[in-house]
Amino acid sequence: MAKKLYLSAAAHAADNSTRCPGSCSENTHCRAYMDLVEKRMTEQGVEVKRGFADQTGDAALRNRVAEANAWGADLYYVAHTNAGGGRYSMTMCWKDAASKARAAVIGKHRTGVSSHKVAVRTDLYEIKGTAMPCLYDELFFHDNPEDCARFHSGGMEQMAEETVKALCEILEVPYAAPRTEQPALEAAAPRAGDQVVLNREKLYRSSVGAAAVTRTGTFYLYDGKRINGRYRVTNRKSRVGKQPLGLYVSGWVQM
């Protein structure tokens with residue numbers, strides 16, 4: 001049976017301004033970050049449910065916790081950003097040893113920050129109200145321009161993938177790295193018999209020199225051998241590779 005993960009991105013009724021480049025806010029970049037986490041955790045085979053996107057404030061928190069509890073989530077994950085001049089990431093959790101150990105797993109995977117803290121909080125509604133373990137991330141300090149700039153220039157993607165690794169470990173789900181695009185296959189080398197269509201183009205008399213005639217029509221590579229950037233062609237496919245060469249080669253084309 002697939003593990004169930006509930007995701008809750010920041011949903012402040014009075015959204016927090018940030019020092020991020022462009023038009024941003026805490027709710028805005030936390031939703032963008034959670035989009036990445038949601039997509040990647042779904043790719044890991046985890047069943048994911050996302051907190052109400054159209055609600056903010058206390059109503060959002062109450063409804064999210066109630067939904068996660070009714071659904072029977074295995075883990076509840078919260079993403080916010082911090083303020084107050086710090087330079088670290090932090091995962092908050094309930095006071096029991098198991099919760100602190102789960103929070104430490106996130107810290108283990110936080111390779112893109114200078115330091116990470118685990119903090120016990122029993123007063124936050126999502127941490128105290130969920131029937132399942134809750135991990136509440138403060139990703140970085142959004143009142144620090146340097147950290148804001150980093151988050152919006154690749155740091156968000158890195159941190160999201162670090163979170164995915166940690167959540168997979170916590171949920172005991174095998175982690176699969178993102179699929180990378182396969183490199184484009186190199187164009188196949190020209191071969192004897194390949195068709196070459198000329199449209200008022202030069203048909204050279206030899207592999208060197210400028211002597212040529214202008215031709216329009218269909219030709220075929222005689223032997224597929226490149227000499228000085230040119231290939232021998234013949235005007236009929238039946239003549240490909242036939243000897244003597246001088247009798248069946250129509251000329252040379254530049255390719």
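Predicted model: local features only at pLDDT ≥ 70, side-chain atom pairs only at ≥ 80, totals over all residues.
Q: What makes H3 and H5 a packed pair, in terms of angle and distance?
A: The axes of H3 (residues 97–109) and H5 (residues 145–171) come within 8 Å. They cross at roughly 145°. The crossing is right-handed.

Q: Which residues make the contact of H3 with H5?
A: H3 gives Arg102, Val105, Ile106, Lys108 and His109. H5 gives Glu162, Lys165, Ala166, Glu169 and Ile170. Contact means heavy atoms within 4.5 Å, so these residues qualify.

Q: How do the residues of this contact divide into nonpolar, polar and charged?
A: There are 4 nonpolar, 1 polar and 5 charged residues.

Q: How do you know what span to expect for H3, and what does H3 reach?
A: The expected span is 1.5 Å times one less than the number of residues. H3 has 13 residues, so 18 Å is expected. H3 reaches 19 Å from its first C-alpha to its last, close to that value.

Q: What makes up the largest nonpolar core?
A: This core has 34 residues. Among those with the most contacts inside it are Leu5, Tyr33 and Leu139. H5 supplies the largest share, 11 residues. A second, separate core of 15 residues includes Tyr76, Val78, Met132 and Cys134.

Methods
Residues numbered from 1 in each chain as written. Heavy atoms only, no water. Axes fitted to C-alpha atoms, helices over the stretch in contact; angles between N-to-C directions. Helix = DSSP H or I, 4+ residues; strand = E, 2+ residues; numbered from the N terminus. Left-handed = near helix turned anticlockwise from the far one by under 90°. Nonpolar A, V, L, I, M, F, W, Y, C, P; charged D, E, K, R; others polar. Core = buried A, V, L, I, M, F, W, Y, C linked by side-chain atoms within 4.5 Å. Buried < 20%, exposed > 50% of the residue type's maximum accessible area, 1.4 Å probe, protein only.
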